[in-house]
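Thanks for coming. I will talk through one structure today, and here it is on the screen.

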Amino acid sequence: MSNLNVEQIRKDFPILQRKIGGKQLVYLDNAATSQKPRSVIDALTGYYEGYNANIHRGIHTLAEEATDAYESVRDTVREFIDAEHSHEIIFTRNSTEAINLVAYSWGNANILPGDEIVLTAMEHHSNLIPWQRLATERNAKLVFIPITECGQLDMEEARKLISSKTKIVAVTLMSNVLGTINPVKELAKLAHEKGAVILVDGAQGVPHVKTSVRDLDVDFLVFSMHKMLGPTGVGILYGKTELLEAMPPFQSGGHMITSVWRDKATWTELPWKFEAGTSNIADVIASGKAIEYLTALGMDNVREHEIEITKYALKKLNELGDITIFGPKDATLRGGVISFNVDAIHAHDIGQICADAAIAVRAGHHCCQPLMRDLNVMGTARASFYIYNTKDEVDLLFEALKEADKVLGHVACR
Ligand code: 7TS
């Protein structure tokens, strides 16, 4: 048993009381977005009802309160990922925007024709397409670290592919399809040995695995608050000071300048150089509550709970005949994401049958079309867990899949 009191945790999430067609909601789509605790919801209304004002601009009380609340979250984030300085934390809209910021700003300043950008075969489109565009514009080359039969990165290949031509390695901390947790510390070392930098896509990893940018020695880390109990609309870009300082702004306009003339302007310092326009104040403030919630639980406990539930789910789902589960077999090598196909049943049909049982799972390509091609599938069904999920809910998923057998006649039970 993990140290999480799941029964108690569930009481903090109003939506988990929801019934669909008279059945209790079973939410297993956490890799898409997590649910939000009462403290996060209250922080949103607390801001709008109590101190709604634009930040950094006014000297009135509301503006000061809003600015303090917003800026204090920067430090909360800094501490959560063990960054050295809070000016290394940039608020964006989501992980996608954070990656685009780096690909545009760092990429255009550093990538030259013939340079190589090393990605992996398991990247989400968000950590692929910005690099494709950059490579096309700069006449650079994309190189992909392949995946082994066990769904892990082929590190022998990685050692060969990361070379003196490599300028950046951009890799996911955890796959949103396979669940694989990647050895980013080792990849950071390989990149640095060749004079390259590393960007880690933490959209799936950071919500589930304790992450220290200093221990991993990564140059850029991105993640999205909505996948870790926070509201939508807030992404985080962490970057090492010297890299961020050397980078030109991504977007420009109000708030990111010091002096402006008719024909030119000078940029303000970090982190505001990268936060043009009015920020997503309310959602950033509420994001602080999400991090406080996770910190109070303890990220080690979060991980332990997920290993336990993933181990149970892998065992239970394997009791179904004709099921293919993708990714590492060992729950300690993966996060709480299980993609699977049941022979001859379309993933969308599985999703629909689960939905009829009030179970939310996802079906499709999960924004990983190249990986789907490598796996030789059109798509998969996917169940993904978080702190409030229980083994009973896994049992309900199992029952729904058996129901799929009855309805569609293809699942044989061992
Ligand atoms: N990177 C990874 C590994 C992801 O899983 C996702 C979203 C993103 C980046 C993009 O995050 P965003 O917040 O910018 O949208 N993944 C998923 C998913 O698996 N299902 O829905 C969204």
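**Rings first, then the ligand**

Phe13, Tyr293, Tyr386 and Tyr388 together make up one aromatic cluster. Before I go further, please keep in mind that this is a predicted model. Searching the whole structure for aromatic pairs gives seven of them. As a reminder for anyone new to this, two aromatic rings are described as a pair by how far apart their centres are and by the angle of their planes.

Rings also turn up with charges over them. Lysine 264 sits over the face of tryptophan 261, and the distance to the ring centre is 4.8 Å. Phenylalanine 398 has lysine 316 over its face, here at 4.6 Å from the ring centre.

Now the ligand. Which residues come nearest to it? There are 17 residues around the ligand, and the nearest are Thr96, Asp201, Ser224, Arg362 and Arg382. By type, the shell has three nonpolar residues, 10 polar ones and four charged ones.

Aspartate 201, one of the nearest residues, has a polar side-chain atom 2.5 Å from a nitrogen atom of the ligand. Lysine 227 also uses its side chain: an N or O atom there is 3.1 Å from a ligand nitrogen atom.

How much of the ligand's accessible area does the protein cover? On its own the ligand has 490 Å² of accessible area, and the protein covers 89% of that.

That is the end of my part.

Notes
Residues are numbered from 1 along each chain as its sequence is written. This is a predicted model: local features need pLDDT of at least 70, side-chain atom pairs count only at pLDDT 80 or more; totals for chains, interfaces and linings use all residues. Side-chain values use heavy atoms; hydrogens and water are left out. A residue is near a molecule or strand if one of its heavy atoms lies within 4 Å of it. A polar contact is a pair of N or O atoms within 3.5 Å; within protein, one must be able to donate a hydrogen and the other to accept it, and residues adjacent in sequence count only if both atoms are side-chain atoms. Accessible areas come from the Shrake-Rupley method with a 1.4 Å probe; for residues, only the protein chains shown count as cover. Ala, Val, Leu, Ile, Met, Phe, Trp, Tyr, Cys and Pro count as nonpolar, Asp, Glu, Lys and Arg as charged, and the others, Gly among them, as polar. Rings of Phe, Tyr and Trp (its six-membered ring) pair if their centres lie within 6.5 Å; planes under 30 degrees apart count as stacked, over 60 as edge-to-face and the rest as tilted. A charge sits over a ring if NZ of Lys or CZ of Arg is within 6 Å of the ring centre and within 35 degrees of the ring normal.
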